[in-house]
Amino acid sequence: MTDKTRDVRIPLTVLGTGAMGTALVRAWLAAGHPVTVWNRTPARAEALAAQGATVAASAAEAVSASRLVIVCLLDDASVGAALDGAGLAGRDLVNLTTGTPAEGRARAAWATARGARFLDGGIMAVPPMIGDADSGGYVFYSGSPELFEEHRDTLAVPAGTRYVGEDAGFAALHDVALLSAMSGMFAGIVHAFALIGPEDIAPADFAPLLVSWLGAMTGSAHKAADQIGSGDYGKGVVSNLAMQVAGNATLLRTAEEQGVSPELLTPYTALMERWLAEGHGAEDTTGAVELLNLRRSAADRP
């Protein structure tokens, strides 16, 4: 890196030096950015000071040090508490604190009213992935398009960037939607291991089968997207809802035989049974998504 390149590295402030905040700061420092940090527990920022960061005595002091302010704290309430009394006028505030879409939208309005531009972010990575260009980690951003475009290169230093819209709630929505899908997958993995638990089957031998099978099945998301987008749940059906519900009985009986609680399966099997009862047996199971939308009445559903 040349001295000229270092000269154009803009300064920034990071509020919060937990595991993720620390990883972010280290990535920016490594890229030559001057970084001011603040943490509610000052001792947690000492290691970063040794690596070149400037430690501020208060959040307000840290905010005043840089136009670009990154916030990575515990929750939305801690964001409000940290920024209470800080001068935000003219600042570019990027909130990487995990939250809900509604919290992102409310925090955007709050920041705008105080004279700041705002981006909300959803980090799709764990700390060891930050700063590693080959890790596959990235961050969803939503909110001010002007702020994103101006700071795109700086924001891309720790991880890839994906701008998902001007609605400040969209980053959190994308984040939580993906995490929810992951949660369902983890539930299935735990149930599968529970089923083989009583038998002479080594989990380490079974794991590659799980990885291969689940990997093959994830492609079905494209077909589901097409069906949901068109509203035609009968398009491209391979195994219809009626067949799937009948097959669920085998899954539940096997759990009983193996002495395994079916509680990770029954919410989904019950949803499928409800959709079948509404007369959708010839369609794909994807149509059960209609039952999850609490904003639509039964009369509105296909």
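User: Which residues are linked in a network of salt bridges?
Analyst: Arg67, Asp92, Arg117 and Glu150 are. Keep in mind that this is a predicted model.

User: How many salt bridges are there in the whole structure?
Analyst: The search finds nine.

User: Back to Arg67. How far apart are the closest N and O atoms of Arg67 and Asp92?
Analyst: They are 3.1 Å apart, and the two residues form a salt bridge. This pair links distant parts of the chain, 25 residues apart. Arg67 is in the loop between helix H4 (59-65) and strand E4 (68-71). Asp92 is in strand E5 (residues 92-95).

User: Is Asp92 buried or exposed?
Analyst: Buried, because its relative accessibility is 1% and the cut-off for buried is under 20%.

User: And what about Arg67?
Analyst: Arg67 counts as partly exposed, at 40%.

User: New topic. What does Lys223 pair with?
Analyst: Lys223 forms a salt bridge with Asp284. Their closest N and O atoms are 3.2 Å apart. Lys223 lies in helix H10 (residues 220-230), while Asp284 sits in the loop between helix H12 (266-277) and helix H13 (289-292). So the pair ties together parts that are 61 residues apart in sequence.

User: Which of these two is buried?
Analyst: Asp284, at 6% relative accessibility. Lys223 is partly exposed, with 31%.

User: Where does Asp226 come in?
Analyst: Asp226 forms a salt bridge with Lys235, with 3.4 Å between the closest N and O atoms. Asp226 is partly exposed, at 37% relative accessible area. Lys235 also counts as partly exposed, at 31%.

Technical notes:
Residues are numbered from 1 along each chain as its sequence is written. This is a predicted model: local features need pLDDT of at least 70, side-chain atom pairs count only at pLDDT 80 or more; totals for chains, interfaces and linings use all residues. Side-chain values use heavy atoms; hydrogens and water are left out. A salt bridge is a side-chain nitrogen of Lys or Arg within 4 Å of a carboxyl oxygen of Asp or Glu. Helices (H or I, at least four residues) and strands (E, at least two) are DSSP runs, numbered from the N terminus. Buried means under 20% relative accessible area, exposed over 50%, partly exposed in between (1.4 Å probe, protein chains only).
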